[in-house]
Amino acid sequence: MKMTKFKKAASVLLAVSVLILPALQAAAATEATEGTEATETAEGETFGEEGLLPDRGLGLDISTQDTGEQILPYSEILQEVDQNLKGSIQVFLTEGKEGTVNAGILFYCTKVADIKGGAYVLKDAFKPSGVNLNSIGNSNDMAEAAEKLEAYAEEESGKTGVTGQDGSVIFEDLEAGVYLIRAEDHAAYDQITSSLVSIPVWSEVDGYMFYDITLKPKHTPRPDTPEKKTAPQTGLQEYTVIYLAAGILCLLGSIVIIIRRRKNGKQET
């Protein structure tokens with residue numbers, strides 16, 4: 001009897017092990033595969049744990065970096081730029097002042113500088129601006145440089161695009177360099193500040209070079225148009241009453257004089 005119970009228990013354990021073993025083997029294989037795929041890039045290249053190339057599909061939002069400042073990559077970084085890679089800039093307009101619309105805004109994406117020998121070199125049309133992109137150290141310098149370069153961008157419009165219903169527009173197939181992003185003034189939206197964007201952008205936080213960039217331009221609400229107020233007419237009304245009263249008195253006086261003259265004329269006859 002005891003032998004029969006033992007055989008039944010052994011049979012049950014054997015059946016359970018047959019069912020569980022394949023599942024354990026599959027889990028181990030999956031874990032090993034994920035470990036190797038973690039270092040693959042979007043281009044299919046593999047790197048070690050400290051690889052420098054990011055997933056190109058992620059992109060970088062330079063408007064919300066933890067550093068708080070968006071500046072151009074330094075010379076040491078520029079020397080590592082792959083000129084064969086191209087990138088994109090997606091412009092996204094956040095909601096403006098109440099009553100404004102961020103759709104239908106025309107944007108220009110104009111290349112203002114190339115990367116040569118680990119340095120930025122202004123294109124000929126922008127050299128008269130006197131801007132030195134290699135000496136920019138903070139976001140204030142970036143804003144000042146963008147303002148100066150914008151004055152020379154009228155004849156170098158570059159690529160153009162109009163924001164859709166979500167307030168965004170994307171410029172693709174962009175070579176490495178620096179681009180001026182500016183918007184055509186539109187009364188239906190806030191006043192938009194022009195920006196300089198480099199491709200690629202080096203992120204100190206992530207330790208990557210990003211070729212696909214997202215930009216949220218700064219915008220300032222337009223001042224309210226003051227209502228036209230009509231000057232009070234109280235003084236004019238007072239003078240009108242006075243002139244009217246004086247006119248009536250003159251009329252009455254004239255009538256009295258005429259009546260008296262007629263009476264005097266009858267008495268003489």
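Residues are classed here by relative accessible area: buried means under 20%, exposed over 50%, and partly exposed in between (1.4 Å probe, protein chains only). The model is predicted, so local features need pLDDT of at least 70 and side-chain atom pairs count only at pLDDT 80 or more, while totals for chains, interfaces and linings use all residues. Residues are numbered from 1 along each chain as its sequence is written, and side-chain values use heavy atoms, with hydrogens and water left out.

The largest nonpolar core comprises 43 residues. Such a core is a set of buried Ala, Val, Leu, Ile, Met, Phe, Trp, Tyr and Cys residues joined through side-chain atoms within 4.5 Å. I89, F107, L133 and L196 have the most contacts inside the core. Contact means heavy atoms within 4.5 Å. Neighbours within four places in sequence aside, L133 touches L72, A113, Y120, L122, A145, L149, V178 and L196. In soluble globular proteins, nonpolar side chains tend to be buried together.

The whole structure contains 8 salt bridges, each defined as a side-chain nitrogen of Lys or Arg within 4 Å of a carboxyl oxygen of Asp or Glu. Secondary structure follows DSSP runs numbered from the N terminus: helices (H or I) have at least four residues and strands (E) at least two.

K86 is partly exposed, at 36% relative accessibility.

A second salt bridge joins E175 to K111, at 3.4 Å between the closest N and O atoms. E175 lies in the loop between β6 and β7 (177-183) and K111 in strand β3 (residues 106-116), so the pair ties together parts 64 residues apart in sequence. E175 is partly exposed at 43%. K111 is buried, with a relative accessible area of 15%.

R182 forms a salt bridge with E154, the closest N and O atoms lying 3.9 Å apart. R182 is in strand β7 and E154 in the loop between α3 (139-150) and β5 (159-162), 28 residues apart. R182 is buried at 7%, whereas E154 is exposed at 60%.

D212 is found in strand β12 (residues 212-215). This residue is buried, with a relative accessible area of 19%. Its side chain makes a polar contact of 2.9 Å with that of S88. A polar contact is a pair of N or O atoms within 3.5 Å; within protein, one must be able to donate a hydrogen and the other to accept it, and residues adjacent in sequence count only if both atoms are side-chain atoms.
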